[in-house]
Every structure is written in C-alpha cells, then in structure tokens.
Amino acid sequence: MSDDLRLRAIGGANPPDSVESIEPAQGEMHRSDLDALKDGAAMLIQAGNRVAALAVMWSAVAIAPTDLGAHRRLAAMLANAGDIDGAANEYARYIEFMLPLGDVGRATMELAYGAKVLGGHPSLREAAEKIVTAVRALVPGDAVAATPTLPLPRLLPKVPFRFCVHDDGDRHWMQLEGGTTELVPSAVRLLDRNDEVIETRKFIPLAAGQKGHAKIVEGEPNGVAWVVLGVTDEVVAALDAGKPSPYRVEAKVGDEWISTVLVDTGCRIGRRSKVAVS
C-alpha cells in the first residue's frame, strides 16, 4: 500500500493526549513518564528525527501497552513513515492485549478503526479471527469447545538501521548499518510481497568506536553491525521516490527474526565491500 487516501486519513488520526485509556492506575509517576515520552516523540518529529521519535514511542507502548493514545500515535507514525506492515502489526498487538483482559468490545472497536485506515491487511484479518474465537468462548455449552486462556503477547521492538545504496553495473547494493547494544543482529533477510525469502546474509560486527560508512543521523549512536544486500531496480526506484519498498527487511536477534526500521541516509555512492557481498 502506498500514499493513498488511507495514509492521508492516518496522517490526521494522531490522537490527542486526552484520548481515553484503559491502562490501570499505576501512580502519578507512571502517567507522568508516559506523558513525557509522548511529548518527547512529538518534539523529535518536529525536529525531523523520525527514527528517534519511533524509538521513544516504542518505549511508551512498552511501559503502557494498553494506553490507547500511545498505541494510536505509534501506529500513525509507522504508517506515515511508509511502514504499513508495522502499523497493522501495532493494531494487532493492541487487540491481542485486549482479549486476555476480557475486553472484546475494545478489541472489536480497534479492529474496526485499524481496518478503516489501513484496509484489509493480513495482520488485521488474523486479529479478527482471534476476536471471533474470543466471542465464541463467551458462550458456554457443548457447542463451543473450551478455549484456553490467551497468553499475553510479547512486545517485540524493531531494530533500527541506516542505509545507503551503491550502483555496481547492472546491480545495486543496499548497505545497512545499525542495531543497538540491546538488539545485536546476527543476520538479515530480504522478503518479497509473498513473504518468500529472497536473500539471507550474516552481519559483520562494528567494533566499539569504529565509524561506519552510512551517514550518522544526528542524535543517534553508531551501529553495532553492518551488511550489504543485493536489491533490484524496483526497490531503488521506490526508495528514490520516497515510497515504501516492495520488499521487507528482517533482522535476526538471538533466535528470532524481527522487523526493522530503515532510515535512508540519501547516500547513493561510496565504497563497495567485496567481503560482505561474496
């Protein structure tokens, strides 16, 4: 999905801080911390530092996973950044938190809201099936099989990366640099529209203090690893046009493949690493 009416709808859907939250009362300090994170994210967006703003909102959602205002703001930021999959996954995450709490009504309302702004995304369809299962479990009797209590889902962060693109004759190479000391990637993979893996490569560690090639975003720390992936003309054309990439990048951290946040440094020339692409 690209820059259609749905994205423009999302752009105006950033909820005010006064949006009702069902987060249980956890003391004035908890609410104060959450408000500070929201305000900080807004300031970073105004300063043009979208990566840091997303990281702050991930922190806000982590400390208050059922706060409606933080959740919708994060989903809107992801969608406005072109990460439609990330926005849909955020709606699905919120819905999955509501179901174990027994709030099927809230989960259904958020499903309808997410579908209105994003359309029929696979993550939302999966969330809809979970709501159907939860609704059936409300009716006792032999006609309904016993449904086990749904476990609370884990909130997986996204691994941040900066990237630049190098031309090499009839091929292009995307150089990724990033990760954090908490999220150290060991491998990266490129997936197409059908979630088929196109390419998998291992990351090369960046030593402490070692300066990478990709341009540093002001206020952001150096990455901890780098890698080079082969990409098609279609991917480069989308990136140059400021549109979402037709392919998806995931990083392996520990034993799990998790999503990434990619920031274009604007660099389209530079060194080519024969080691990384061999």
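Guide: Helix 4 and helix 6 run roughly parallel to each other. This is a predicted model, where local features need pLDDT of at least 70, side-chain atom pairs count only at pLDDT 80 or more, and totals for chains, interfaces and linings use all residues. Residues are numbered from 1 along each chain as its sequence is written, and side-chain values use heavy atoms, with hydrogens and water left out.

Visitor: Why are helix 4 and helix 6 called roughly parallel?

Guide: The axes of helix 4 (residues 68-80) and helix 6 (residues 104-118) cross at roughly 25 degrees. Angles under 35 degrees count as roughly parallel, so the label applies to helix 4 and helix 6.

Visitor: Which residues make the contact?

Guide: Contact means heavy atoms within 4.5 Å. Helix 4 contributes Leu68, His71 and Arg72, and helix 6 contributes Arg106, Met109, Glu110 and Tyr113.

Visitor: What makes His71 count as buried?

Guide: Buried means under 20% relative accessible area (exposed is over 50%, partly exposed in between, with a 1.4 Å probe and protein chains only). His71 has 0% relative accessibility, so His71 counts as buried. Leaving aside neighbours within four places in sequence, His71 is in contact with residues including Val61, Tyr91 and Glu110.

How values were computed
Axes are lines fitted to C-alpha atoms, for helices over the stretch in contact, and angles run from 0 to 180 degrees between N-to-C directions. Helices (H or I, at least four residues) and strands (E, at least two) are DSSP runs, numbered from the N terminus. Angles under 35 degrees count as roughly parallel, over 145 as roughly antiparallel, 65 to 115 as roughly perpendicular and the rest as oblique.
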